[in-house]
Structures are given as C-alpha cells and as structure tokens.
Amino acid sequence: AYAAVDDAVAAARQVGGPKLGGFVNAVLRKISPGNEPGLPRDGRARIEVAASMPRWIIDELAAAIASPDGTVDERLLAERAQSFAESAPIVARVNRRRTTREALIETLREVGVTATPLDVAPAALVLDGLGDPARSASFLAGQWTVQDTGAQLVAELATPRAGQRILDACSGVGGKATHLAELTDDAALIDAADLNATKLGLCAETAQRLGLSSITRKVCDLLDTKAPLADSYDLIVLDAPCSGLGVLRRHPDAKWRVQPADVPRLADLQRQLLDAVVPRIGPGGALVYSVCTFTRAEGPDQVAALAARHGLRVVAEHRSWPPEADAFYLARLERSVP
C-alpha cells in the first residue's frame with residue numbers, strides 16, 4: 001500500500017503541484033489498509049515473496065552457493081536473491097588503447113558524470129548521471145564502450161596474446177571480441193562467429209568506433225562441420241546461449257518467462273556447441289566457457305562433463321555476483337601439448 005500511495009502522490013504533485021500532492025497523500029493514507037500481511041516465516045518462502053522470485057530459481061541459486069557438503073547459508077541466499085531485485089548500473093569498459101581509467105574518470109567528471117572504478121575488473125567503471133551513451137563525446141571517440149563487469153571478466157580470464165589465432169564463438173554484437181582485440185593491442189587474428197548477421201554488423205560498427213581492425217566476422221552455424229572457420233585456434237571463447245538467470249537485474253521479466261524445463265534444454269545446446277568447437281582447439285590451446293546464469297547444469301556440471309569427454313584440464317573457474325557484476329559462471333580449460 002505505501003508504494004502505491006507514494007507513486008500516486010508523486011504523480012499528483014507533478015500534475016497539480018505541492019498542494020494537490022499533499023491533499024492526495026492525506027486522502028490515500030486515510031483509506032489505505034492499515035496493516036499489510038507479514039512476510040512468511042519459512043526462509044525460502046519468505047525469500048520468494050521478499051525478492052519476488054519463483055521458488056525453482058531460488059532453489060537453483062541455493063545449489064549454486066552451497067558448500068561442498070551441500071550446506072546452504074540461508075542469509076547469503078536471501079542476500080543473493082535480493083540483489084537481483086535491484087537496478088543494474090551502467091558499466092563502462094575503458095578502451096585502454098586510447099586512454100586510462102584514471103584519465104577517463106576525469107574526462108567524464110568534466111561533463112557531470114560520476115565514474116567509479118570497480119576492483120573486480122581492471123577496465124570497469126560504474127557510470128552515474130550519464131544519460132544516452134551515444135551522446136557522449138568520449139564514447140563516440142572510442143575511449144570506452146558499455147559492457148557489464150561480469151562480461152568483462154570473460155576476456156580477462158582468456159588472457160589473449162598478440163599473434164594468437166582466436167575464435168569468439170557466439171560473438172553476438174562483439175563485446176567480447178572487441179575486448180579481446182583491445183587486450184592484444186589489436187595484434188591478434190580474431191574470428192567473430194555468429195548466426196546473426198545483424199549482430200555481427202553491430203560488432204563491426206563497435207570495432208570501428210574503438211579503432212580495432214583485427215576482427216573478421218564469420219556468419220555461420222558452429223554446429224555445421226563446414227562452417228568457414230580455421231581448423232586450429234590458440235584460444236576459443238564461447239559465451240554460450242543460456243537461461244540468462246544471471247542478468248535478472250537487467251531483464252526482470254525472465255523470472256516469469258524462463259521455465260525449469262528450459263535449463264536442461266539449453267544445457268544440451270551448450271553441450272553440442274562445446275563439442276563442436278573443442279576439435280578446433282590447437283595443441284596447448286585454451287577454451288574459455290561462460291554463461292550469464294548460475295544453474296549448476298549450465299555451469300560447473302557442464303564443464304566437468306566436458307573435461308571428462310575430451311581430456312581437457314580445468315585450470316580456473318569463477319563466479320561473479322551482483323552488485324559488483326551480473327552473475328556469470330566462467331571456466332578456463334586447456335589442452336595439453338602432445
């Protein structure tokens with residue numbers, strides 16, 4: 001009730017000024033219910049209401065944060081669930097080929113934008129007071145682009161090097177491809193592959209704005225054995241299609257749109273994509289797998305099964321969580337040199 005009253009008073013004040021706002025406030029508070037029902041006592045039932053999150057997603061979240069013996073910290077579970085109900089910030093990725101994080105903070109400060117660095121990613125800045133990024137002179141000059149912190153961690157974990165042949169599988173609009181190019185000082189050979197030609201067109205526009213020329217677009221189906229890709233890559237990055245539960249701050253409708261049956265279906269697609277790209281990992285090469293979700297089936301269980309099937313070594317696994325980042329699961333696997 002208090003939220004409904006607050007919204008109505010704000011609207012009345014905007015239309016009719018402070019006096020009308022005060023009148024509406026008095027009337028609505030007089031007629032609104034005196035007492036709202038309390039939250040359920042049970043821990044997960046309480047979280048379900050307080051965080052407005054379906055029970056099955058809460059259970060998936062609990063499995064993700066459980067200790068090795070299966071114990072779940074219910075207080076942490078409540079905090080994690082509530083964090084997905086908060087608004088997500090605009091996060092910039094500094095193009096370190098054109099500026100530094102410190103210099104960009106000052107540049108943005110001069111135009112009234114507060115930029116706060118995040119320790120979890122070396123190029124990440126949370127922006128406040130920005131407005132439309134496309135109207136920002138420093139954005140148009142290619143000094144930064146928009147990319148959530150969790151997504152930035154993918155290329156950082158990949159540790160690409162100049163001279164490497166790199167495949168950005170499921171590239172989409174190219175956020176990770178352009179990050180890989182920046183980290184290699186635009187001196188790698190990067191294939192950005194995706195089914196969607198429109199998204200790859202946006203990738204090309206972003207690369208041009210950021211001053212990058214090392215990315216080659218490949219419109220193709222990774223599951224097609226005749227896809228126009230190289231036989232061998234030093235590094236493959238696969239940010240796979242997933243249930244998207246890690247980005248509920250940005251897409252709250254997904255809580256009600258995504259269904260439990262979607263998780264195994266998407267996990268199967270991920271398995272197919274992984275099996276399709278693994279043969280293209282060269283001797284001593286690496287695969288970085290990422291999903292913007294927290295289910296075990298799409299994350300650690302998927303990677304463990306992949307390593308067992310193909311004899312790869314899992315050398316790193318990482319999860320990110322709000323509020324510092326969207327909830328990503330990342331893993332780096334390596335192939336031994338014969």
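**View 1. Helix 2 and its buried residues.** In helix 2 (residues 43-50), R44, A45 and I47 are buried, where buried means under 20% relative accessible area, exposed over 50% and partly exposed in between (1.4 Å probe, protein chains only). These residues sit on the same side of helix 2 because they cover an arc of only 160 degrees around the axis, the arc being that of the directions from the helix axis to the C-beta atoms. The buried residues of helix 2 pack against helix 3 (55-65) and helix 4 (74-83). Just after helix 2 comes S52, with a positive phi of about 50 degrees. Helices (H or I, at least four residues) and strands (E, at least two) are DSSP runs, numbered from the N terminus.

A quick note on what you're looking at: this is a predicted model, in which local features need pLDDT of at least 70 and side-chain atom pairs count only at pLDDT 80 or more, while totals for chains, interfaces and linings use all residues. Residues are numbered from 1 along each chain as its sequence is written, and side-chain values use heavy atoms, with hydrogens and water left out.

**View 2. Helix 3 meets helix 4.** The two helices pack at an angle of about 120 degrees, with their axes 10 Å apart. That makes helix 3 oblique to helix 4. Axes here are lines fitted to C-alpha atoms, for helices over the stretch in contact, and angles run from 0 to 180 degrees between N-to-C directions; under 35 degrees counts as roughly parallel, over 145 as roughly antiparallel, 65 to 115 as roughly perpendicular and the rest as oblique. On the helix 3 side look for I58, L61, A62 and I65, which meet L76, L77, R80 and A81 in helix 4.

**View 3. R93 in strand 1.** R93 belongs to strand 1 (residues 90-94) and is buried, with a relative accessible area of 0%. Its side chain reaches the backbone oxygen of G175 at 2.9 Å. The R93 side chain also makes a polar contact with the side chain of T178 (3.1 Å). A polar contact is a pair of N or O atoms within 3.5 Å; within protein, one must be able to donate a hydrogen and the other to accept it, and residues adjacent in sequence count only if both atoms are side-chain atoms.

**View 4. L157 in helix 7.** Helix 7 (residues 149-158) holds L157, which is partly exposed at 22% relative accessible area. L157 and L330 lie 173 residues apart in sequence and 8.1 Å apart in space, C-alpha to C-alpha.

Notes
Contact = heavy atoms within 4.5 Å.
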